[in-house]
Amino acid sequence: MLTPDGGLDATAVVVRSGRIAYVGDDAHARALAPTGAVEIDLEGRLVTPAFVDAHLHTIQVGQVTDGLDLHGAPDRTAVLDAVAAYVQDSPGRRVVVGQGWDERHWPDPTPPTRAELDRAAPGVAVYLARVDVHSAVVSSALLDRLADVSGLPGFTAAGWLTQDAHHACRGQMDALFTDAERRSAARTALAAAAALGVAAVHELGGPHLGPLADLGRVRDAGVELGVRVVAYWGELADAEGEVLARARAAGAVGLAGDLCVDGSIGSHTAALREPYADHHGAGVRYLDDDAITDHLLACTRSGVQGGFHCIGDDAVAATVSGLRRAAARLGVDAVRAVRHRLEHVEMVDPADLATLAELGVVASVQPAFDAAWGGPGDLYGARLGARATGMNPFGDLHRAGVRLALGTDAPVTPLAGWASVRAAVRHHRPDQRLTLLTALDAATRGAHAAARDEESGLLVAGTRADLAVWDTAGLPDFDADEPAPACLATVGAGRVLHVDGGLLGRLDLCPTPRCPPR
């Protein structure tokens, strides 16, 4: 059993009323356990704090799970064939959602066109997001059913949407699904997360992702399944406080998350100081300096977390400058107290690390980005050239004292538990690798702290009983390329959220997500 000091000496844990009552040896655990307690012999298997996914788009994950996963598509024809087969196998389907296509290694890197989608799925609204979900190809039937986006930046008549046109299209797509369908998608995603040892998620919503009501849908699914949901809403604060009031009423704890300062490297929309190595232009800034600063000032004055999506070096620098201006106006202590958070922070200037640490800013990072695109000759190198060597500096952030929280940005990268830790430990640049215990802390305690919860994420008496059981006796050695452990059970606040087959499947535990609290 993993204790806060990284040791595995503890052999027993007592859970009572949803909280950990004791961690230590078997004899004391039996003595402290209440009358009638159920004793479960895990036969020496590893128990850790349950994981937190600090950056998730829950409903979108469920929709892709029920739709088309295009990550393995080798060319445009394969994408179109997948769409045609899906429509044929799903008669009456009104909308097809797919994600994951990546044109970089196709023989012909041209994305599918609107006309091709129309032929593959006549009369069906088709939305196929690129792997980074910052651009998409869409069918005529989809565009016909939404408000006109043809006059917005990023629109092309061929059906490839980027920038504002993509945001507007994606944000309106909720109208194409019923309330029941969106709720079902949320349940699908959270159940899949629980099966990976995840007991809590940070749901990052925003107007370009879906309606404010989605926060309630995800929260309700979390209550039903036992997965803790912390929601953020990515919209600029207004002077009257109406946006914050609406977000709070919907359950948001802050105006942060996917409030985009820029876009993504893959879609050439991340804002850079110098042009891309393989594309004209230097990306897109969606928010100017004044908007960034005003948002941080409003959130700080209201005592809530603010934050942004920022990837390119220009976007990250602009955000850090906004933090400095907010601190100059309101004081370092005031800014530090609310714990603003930045998502991705992929291209941060080394000179800005000290500011992030001083102001108590959380870096919500996605190690799977480096695993997927950070290797020699991969996406970052192709898009950025020599600048790619500075991407995702997890080690530098940690050494500077910046608090880290790990997430997946699913469906951009798959839902994960140990896979996020593994990617952080095996960063392509050895000097940016985290130790196993540091990465595990960022995926548990650090991720809880990103939502201003300083209590959760440790196996100590008095804390929430969020824990996971694994099919191994010790911690994995990712430096030696050991495989990630498989999850046998996930517990959230003392409630069994997931039980795998085999040993635990034969135990006297409720095997469904609707288990009564223990």
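What volume does the largest cavity have? The largest cavity comes to about 140 Å³. Keep in mind that this is a predicted model, where local features need pLDDT of at least 70 and side-chain atom pairs count only at pLDDT 80 or more, while totals for chains, interfaces and linings use all residues. Residues are numbered from 1 along each chain as its sequence is written, and side-chain values use heavy atoms, with hydrogens and water left out.

**Cavities**
- There are five cavities of 30 Å³ or more, a cavity being a set of points on a 1 Å grid over the protein atoms alone where a 1.4 Å probe fits but cannot get out.
- Volume here is the space filled by probe spheres set on the points, with grid points joined across faces, edges and corners.
- The largest cavity is lined by 15 residues, and Q60, Q63, V97, Y127 and R170 are the closest to its centre; lining residues have an atom within 4 Å of a point.
- α2 (58–66), β6 (95–101) and β7 (125–130) each put at least two residues into that lining; helices (H or I, at least four residues) and strands (E, at least two) are DSSP runs numbered from the N terminus.
- Sorted by class, the lining of the largest cavity has eight nonpolar, four polar and three charged residues (Ala, Val, Leu, Ile, Met, Phe, Trp, Tyr, Cys and Pro are nonpolar, Asp, Glu, Lys and Arg charged, and the others, Gly among them, polar).

**Largest pocket**
- The largest pocket has a volume of about 1000 Å³, a pocket being an open set with protein on both sides within 12 Å along at least five of seven lines.
- Its lining runs to 37 residues, with V13, V14, V38, E39 and I40 the closest to the centre.
- β1 (12–16), α1 (26–32), β17 (467–470) and β18 (487–492) each give two or more residues to this lining, and β1 has the largest share, with five.
- The pocket lining has 24 nonpolar, five polar and eight charged residues.

**Helix α2 against α7**
- α2 and α7 (residues 179–194) pack at about 90°, axes 7 Å apart; axes are lines fitted to C-alpha atoms over the stretch in contact, and angles run from 0 to 180 degrees between N-to-C directions.
- The two helices are therefore roughly perpendicular (65 to 115 degrees).
- On the α7 side, R182, A185, A186, T188, A189 and L190 make the contact (heavy atoms within 4.5 Å).
- That contact has six nonpolar, six polar and two charged residues.

Definitions and conventions:
Parallel < 35°, antiparallel > 145°, perpendicular 65-115°, else oblique.
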